[in-house]
Amino acid sequence: MHSNHLLLEEPIRMASILEPSKPSFFPAMTKIVGTLGPKSRSVEIISGCLQAGMSVARFDFSLGDTQFHQETLENLRTAVKNTKKLCAVMLDTGGPELQVVNKTEHPISLQADTLVILTPDQEKEATSNLLPINFSGLSKAVKKGDTIFIGQYLFTGNETTSVWLEVSEVNGDDVVCLIKNSATLSGSLYTLHVSQIRIDLPTLTDKDKEVIRTWGARNNIDFLSLSITRHAEDIRHAREFISKLGGLHQTQIFAKIENVEGLTHFDEILKEADGIIISRGNLGIDLPPEKVFLFQKAAVYKCNMAGKPAVVTRVVDSMTDNLRPTRAEATDVANAVLDGSDAILLGAETLRGLYPVETISIVGKISAEAEKVFNHDLYYKNTVKYVGEPMTHLESIASSAVRAAIKVKASVIICFTSSGRAARLIAKYRPTMPVLSVVIPRLQTNQLCWTFTGAFEARQSLIVRGLFPTLADPRHPAESTNAANESILKVALDHGKASGVIKPHDRVVVFQKVGDASVVKIIELED
C-alpha cells in the first residue's frame, strides 16, 4: 500500500496558500456523484449542481418510488439540455437493508439504560419500548452482547437522532436490547445495522429486481450501485440479471462495500466489479473507528492498480445542515483525493441537505487544491512497477502517452476511443492534465434496426478521474483515414479551446488508432 502521494514544495507552496484559486472550465479532475432527492430534484437546483461540478446523478431507491424518481430524472434531462453539461445516471439498490417499521411516523423517544424490544411483528405500533423491524431472522443472527445501531437513513452521526443498542437476551423471535444512549427517532426511514453479523438476505432483492427491470431498463441507466455487496457472486448474479434486460447489457456494476464481509472478499469482488464504492457510513459501524482509514487507503490503492474507479462516500456530513464543512471534513476530502479516489459521492448532503449546490462546489474546490499537490511522478512510477513487464500493447502505449504529456508539459491529452478502454487506461496513470476522451460512435444492428453506440461509453467515463468525454461525428470511425482523423482532431481541439484548457502555442498529446496500430503524437499549436 502506497499512500505518500503528496508533493509539497517549500517555500513556494506556503506562499501560494493565500493566493486565490483560479477558476477553470473543469472544477476538478476528481468527479462528484450527487444523490438527487427531496431537496435537489427541481430543474433549477439540478442545473446548479451540474454547473458546480456534479457529473453523475445517483437515484437512491431506498427512498421514493419509481414515479418520484422518474420525475426527478426528467428534471435532470431538462437541466442537462439547459446547461449543456453531460451527466451519467446511477441506480442505487436498497439491498438487504434492515429497517424500523414506524407506520405512524411519530417521533420515538428512547432513554439510555432502559430496555427496548426489536420484534419482526410489523403489525405492532412502534413505541419507546417496542420497535417492529422488517426482518424475521434477527433473533437467529444475534447473541447476547452484540451491538446494534439504529439511525436515520444516511445518518450523519448526530447522536440525538441515532442510537446504539446492546443485545441483552433473545426471546423467541424478539430481541431484547439495552439502550446505550438517549435519542429521538424522527422521520420516515430508520435503518438498523448489526455490527459484524451476516444477515441472511439476498444482495439483489425482489424489490431491487423489479426496480431495475422497470425504471432501470426504461431509462438505460449507466451505473448500477449494488448495495451491501458481500461476495463476488453477488456481482456475477447482478450481471447475469441485467444482461437479459436488453439495453442494460452495457450498464456498469459498482460494488458498494459496506461491511466486514465485503471487506474480507474485497479482492474477488474487485475482479468482477466495474468499480468500487467505499461506503464509509456502514463501514464506520462495522469496523472499529481507528481501522476505517486503513481500509480506505488499501481499497483505493487496489482499485488504482486495477484501473477501476474508486468512489469514497460520507465526506462532508455536516453540510447537510451547514453552509461550510468542518476543518476535519475539508481535510478528509483532500486526503481522499491524495489517496487516489476517482470520485466523491455525496449522500445526505445533497439528498436532504439544505445546501446541495454549495456542497458540490466546495468539495470540487477542495479536490482541485489537493490535485495540485498530488505526487504524479511517484504515482506513475509505482503504477508502472506494479503492472510489471511485459505490459499489454494498449497499456504500454497509454502509459507512454501520459509520460510524454508530462515531459513536454502538454496542456491536454486527446484520446480517440470507441469502447472507452484506451481512455480509462490513460486515466489510470493519473496525468497532471485533463484527458479529452473523444468517443467515436460505432454503427451496429440487431437485424431489425441500426443504432449507434457511444453514448454509454461517454457517460461512463464521467466517474473516472481526469476523463472529460465528448461524442464525435459517427461518420468517422476510430480507425479511419488520416483525413477523417484530422477532421475529428480539429473538432476536439476546438472543444478544448472553447473550454479554455487549450491555448495558442500549447502542446497537445494525441492517442489514436491508425489501421491496426496505436499511435501517440505530440502537436504544438500555432496562434
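Predicted model: local features only at pLDDT ≥ 70, side-chain atom pairs only at ≥ 80, totals over all residues.
Me: What makes the radius of gyration of the protein agree with that of a compact globule?
Reply: The globule rule takes 2.2 Å times the number of residues to the power 0.38. For 527 residues this gives a value near 24 Å, and the protein has 24 Å, so the two agree. Along the principal axes, the C-alpha trace spans about 75 × 65 × 50 Å. The protein contains 18 helices and 24 strands, and buried residues make up 55% of the 527 residues.

Me: How many of the contacts with a separation of 6 or more join residues 24 or more positions apart?
Reply: Such residues account for 71% of those contacts in the protein. The mean positions of the 57 positive and 60 negative charges lie 5 Å apart.

Me: Why is Ser399 called buried?
Reply: Buried means under 20% relative accessible area. Ser399 has 4% relative accessibility and therefore counts as buried. Ser399 belongs to helix H15, residues 393-407. Leaving aside residues up to four places away in sequence, Ser399 touches Tyr380, Met391 and Tyr429.

Me: Why is Lys84 called exposed?
Reply: The label exposed requires over 50% relative accessible area. Lys84 has 72% relative accessibility, so Lys84 counts as exposed. Lys84 sits in the loop between H3 and strand E3 (88-92). The phi of Lys84 is near 60°, a positive value in a residue other than glycine.

Me: Is Ile228, which also has a positive phi in a residue other than glycine, buried or exposed?
Reply: The cut-off for buried is under 20%. With a relative accessible area of 11%, Ile228 is therefore buried. The phi of Ile228 is near 55°, and the residue lies in the loop between strand E13 (223-226) and helix H6 (232-243).

Me: Which residues of helix H2 are buried, and against which elements do they pack?
Reply: In H2 (residues 43-52), the buried residues are Ile46, Ser47, Gly48, Cys49, Leu50 and Ala52. Each has under 20% relative accessible area, as the term buried requires. The buried residues of H2 pack against strand E2 (54-60), helix H3 (66-83) and helix H13 (356-372). Just after H2, Gly53 takes a positive phi of about 130°.

Me: Where is the cis peptide bond from Glu389 to Pro390, and what is its omega?
Reply: The bond from Glu389 to Pro390 is cis, with omega near -5°. Pro390 is found in the loop between helix H14 (376-387) and H15.

Methods. Residues numbered from 1 in each chain as written. Heavy atoms only, no water. Helix = DSSP H or I, 4+ residues; strand = E, 2+ residues; numbered from the N terminus. Buried < 20%, exposed > 50% of the residue type's maximum accessible area, 1.4 Å probe, protein only. Contact = heavy atoms within 4.5 Å. Lys, Arg positive; Asp, Glu negative; His and termini not counted. Charge placed at Lys NZ, Arg CZ, Asp CG, Glu CD.
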